[in-house]
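This report describes a metal site and a set of charged side-chain pairs. Please keep the sequence and the model at hand while reading.

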Amino acid sequence: MAILKVCRLGHPVLRRVAELVPPESIAQPAFQQFIDDMIETMYEYEGVGLAAPQVHVSQQIAVLEVGKHPRYPDVPSVPLTVLINPRVTVVSEETVDGWEGCLSIPDLRGVVPRYRELRVEALDRQGKPLDFIAKDFHARVVQHEYDHLQGKVYADRMPSLETLTHLTEWQRYWLKN
Ligand code: NI
């Protein structure tokens with residue numbers, strides 16, 4: 001396994017709409033290796049999700065996992081999930097505000113409104129269809145990663161930049177203990 005290089009805001013790949021993955025390529029060893037490397041990279045940098053464009057690959061692939069996380073205490077865990085060619089449908093128009101960060105926008109946090117509940121359809125890493133409902137923080141992570149696949153970052157979704165906060169100040173003033 002390999003830790004992949006994560007690109008930062010300003011790299012053009014983060015602004016491209018990622019290509020759909022041809023389903024027949026999913027079983028290829030090189031593709032499976034890439035998925036493993038994405039997972040390893042997410043763990044290495046302690047992210048709760050990672051999208052392929054963040055590691056310079058403009059394809060519709062995202063990985064996510066929410067465990068007991070020092071950055072996001074008290075949120076329900078989400079098992080390791082690989083989303084290929086995901087589609088999301090909003091279940092209810094209700095939105096909730098919450099803090100987000102991004103490995104491609106290091107050391108910053110900002111408040112982003114996200115839909116509270118989504119239906120998510122995708123292929124998994126075996127190419128089998130996934131169809132599930134994501135709520136609350138899980139739905140937030142899916143929307144954040146889905147956005148990456150559409151060339152968007154969380155800062156684009158912030159209604160105001162007034163909440164943009166450096167990580168050290170966020171830990172001092174905003175992190176609930
Ligand atoms: Ni991100």
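With which residue does Glu-121 form a salt bridge? The partner of Glu-121 is Arg-87, and their closest N and O atoms are 3.6 Å apart. The pair links distant parts of the chain: Glu-121 belongs to strand 6 (residues 117–123) and Arg-87 to strand 3 (residues 78–90), 34 residues apart. A salt bridge here is a side-chain nitrogen of Lys or Arg within 4 Å of a carboxyl oxygen of Asp or Glu. Helices (H or I, at least four residues) and strands (E, at least two) are DSSP runs, numbered from the N terminus.

The model is predicted: local features need pLDDT of at least 70, side-chain atom pairs count only at pLDDT 80 or more, and totals for chains, interfaces and linings use all residues. Residues are numbered from 1 along each chain as its sequence is written, and side-chain values use heavy atoms, with hydrogens and water left out.

**Salt bridges**

Side chains of opposite charge can pair when their charged atoms come close. By the rule above, the count comes to twelve salt bridges. Three of them are listed here, including the pair already described.

| Pair | Closest N to O distance |
|---|---|
| Arg-15 and Asp-156 | 2.7 Å |
| Glu-121 and Arg-87 | 3.6 Å |

Arg-15 lies in the segment before helix 1 (29–44) and Asp-156 in the loop between helix 2 and strand 8 (165–166), so this pair ties together parts that are 141 residues apart in sequence. For accessibility, buried means under 20% relative accessible area, exposed over 50%, and partly exposed in between (1.4 Å probe, protein chains only). Arg-15 is partly exposed at 42%, and Asp-156 is partly exposed at 35%. In the pair from the opening question, Glu-121 is buried at 18%, whereas Arg-87 is exposed at 52%.

Arg-114 is in strand 5 (residues 105–115) and Glu-100 in strand 4 (residues 95–102), so their bridge ties together parts 14 residues apart in sequence. Arg-114 is buried at 4%, and Glu-100 is buried at 3%. Salt bridges with shared partners join Glu-100, Arg-114, Arg-140, Asp-147 and Arg-157 into one network.

**Nickel site**

The protein donors of the nickel ion are Cys-102 (SG), His-144 (NE2) and His-148 (NE2), at 2.1 to 2.2 Å from the ion. Donors are N, O and S atoms within 2.8 Å of the metal (3.2 Å for Na, K and Ca); water is not among the atoms, so sites may look incomplete. The donor residues follow the spacing C-x41-H-x3-H in sequence. Both His-144 and His-148 lie in helix 2 (residues 136–149), four residues apart, about one turn of the helix. His-144 is buried at 8% relative accessibility, and His-148 is buried at 0%.
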